[in-house]
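The tour below moves from one selection to the next and says what is to be found at each stop.

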Amino acid sequence: MSVVIVNNRVDGLRVTIYDVLHYLEAGRSAAEIADILSLTPEQVEAAVRYIGERRDEVMAAHRRIEERLARGNPPEIEAHARAGRARMEELRRSKGLSGGKEVNGEGVACRRE
Amino acid sequence: MKGLLADVNNVKQVRVLLMLLQEESRGEFWLHLGLTTPTFGELGLHPRSPDTDVWLKCQAEELLLITANRNDDGPDSLEATIRRHGTPQSLPVFTLADANRVLSERSYAELVADRLLEYLYDMGNLRGVGRLYLP
């Protein structure tokens, strides 16, 4: 049966052409992409063909996705990572967990010597 | 929260992260959380399940989805699902910013594992935020 791309999904799977494009841009071979995403060679081939046939449209959406990912979390969310690290440090002190990491004065985790 | 769920598009990355979470520097913190790591199949989900089904299952089972989720923001997207069904009590979804680097660069993967653990330790204050990007 031929592989279909609908709503950017490869063969209806939870893998999109943008997932495939991400690995293509990273220099991965078709075989590697198939292995990483648990796709068949035919599914990777269909995704690559789809990307090639609609390059402008796909690349525009791809750039939007990459830009959103590059922005990451806003500062108020990042603060929760620091709060989580502080909880871990508190736990290490109170329960004696050996975590092997400490938090420096700037909230950056660093390995103990 | 009861556990983590690897999305179909980043099973290998989550495997790497779980390995790192069990290493010496993080192992006891990870174990202390007592989280499970069920698979799609064990939850009755399918590799073709739509975002809405996966997200609702995660909320019902108190699981944190880890996804690469590279898709446009269409009506059936994860983003739209969170907007439509999300509440202040909803568990967030972790999104890997660079799935390839998790597999290709150990230092980057360690950064992601560290950040994941930090967020897990403040999860009580992160309900309702929608998405959390890693790192």
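Select chain A to begin with: residues 24 or more positions apart account for 38% of its contacts with a separation of 6 or more, where two residues are in contact if their C-beta atoms, placed from the backbone, lie within 7 Å. This is a predicted model, in which local features need pLDDT of at least 70 and side-chain atom pairs count only at pLDDT 80 or more, while totals for chains, interfaces and linings use all residues. Residues are numbered from 1 along each chain as its sequence is written, and chains are lettered from A and ligands numbered from 1 in the order in which they are written.

Chain A holds 5 helices and 4 strands, which follow each other from the N terminus as β-β-α-α-α-α-α-β-β; helices (H or I, at least four residues) and strands (E, at least two) are DSSP runs, numbered from the N terminus. Of its 113 residues, 27% count as buried, a residue being buried if 20 or more other C-beta atoms lie within 10 Å of its own, exposed if 12 or fewer, and partly exposed in between, again with C-beta atoms placed from the backbone.

While still in chain A, select A:Ser38, in the loop between α2 (30-37) and α3 (41-53). A:Ser38 is not a glycine, although its phi is positive, at about 50 degrees, and it counts as partly exposed because it has 14 C-beta neighbours inside 10 Å.

**The sheet of chain B**

Now move to chain B and colour its strands, which form an open sheet of 4 strands in the order β1-β2-β3-β4, with parallel pairing; two strands pair if DSSP finds at least two bridges between them. The edges are β1 (3-6) and β4 (131-134) of chain B, each of which pairs on one side only. Neighbouring strands of this sheet are turned by 25 degrees against each other on average, direction ignored; axes here are lines fitted to C-alpha atoms, for helices over the stretch in contact, and angles run from 0 to 180 degrees between N-to-C directions.

Helix α6 (residues 106-120) of chain B packs on the sheet, where it touches β3 and β4 of chain B, and its direction makes about 150 degrees with that of β4(B).

B:Thr67, in strand β2 of chain B, stands opposite B:Thr95 in β3(B). Is B:Thr67 buried or exposed? B:Thr67 counts as buried, because it has 25 C-beta neighbours inside 10 Å. Leaving aside residues up to four places away in sequence, B:Thr67 touches B:Asp7, B:Asn9, B:Asn10, B:Leu78, B:Val93 and B:Thr95.

B:Glu62 has a positive phi, near 60 degrees, in a residue other than glycine, and it is exposed, with 12 other C-beta atoms within 10 Å.

**The core**

In soluble globular proteins, nonpolar side chains tend to be buried together. Of the 54 residues in the largest nonpolar core, B:Leu64, B:Leu65, B:Ile66 and B:Leu116 touch the most other members; such a core is a set of buried Ala, Val, Leu, Ile, Met, Phe, Trp, Tyr and Cys residues joined through C-beta atoms within 7 Å. Helix α6(B) gives the most to this core, with 6 residues.

**Where the chains meet**

Show both chains together: 35 residues of chain B are in contact with 36 residues of chain A. On the side of chain B that touches chain A there are 15 nonpolar, 8 polar and 12 charged residues, where Ala, Val, Leu, Ile, Met, Phe, Trp, Tyr, Cys and Pro count as nonpolar, Asp, Glu, Lys and Arg as charged, and the others, Gly among them, as polar.

Next select α5 (residues 75-95) of chain A with α6(B), whose axes come within 7 Å and cross at roughly 80 degrees. The two helices α5(A) and α6(B) are therefore roughly perpendicular to each other, since angles under 35 degrees count as roughly parallel, over 145 as roughly antiparallel, 65 to 115 as roughly perpendicular and the rest as oblique. Here A:His80, A:Ala81, A:Gly84 and A:Arg85 in α5(A) meet B:Arg115, B:Glu118, B:Tyr119 and B:Leu120 in α6(B).

Finish at B:Pro135, in the segment after β4 of chain B, where the peptide bond from B:Leu134 to B:Pro135 is cis, with omega near -5 degrees.
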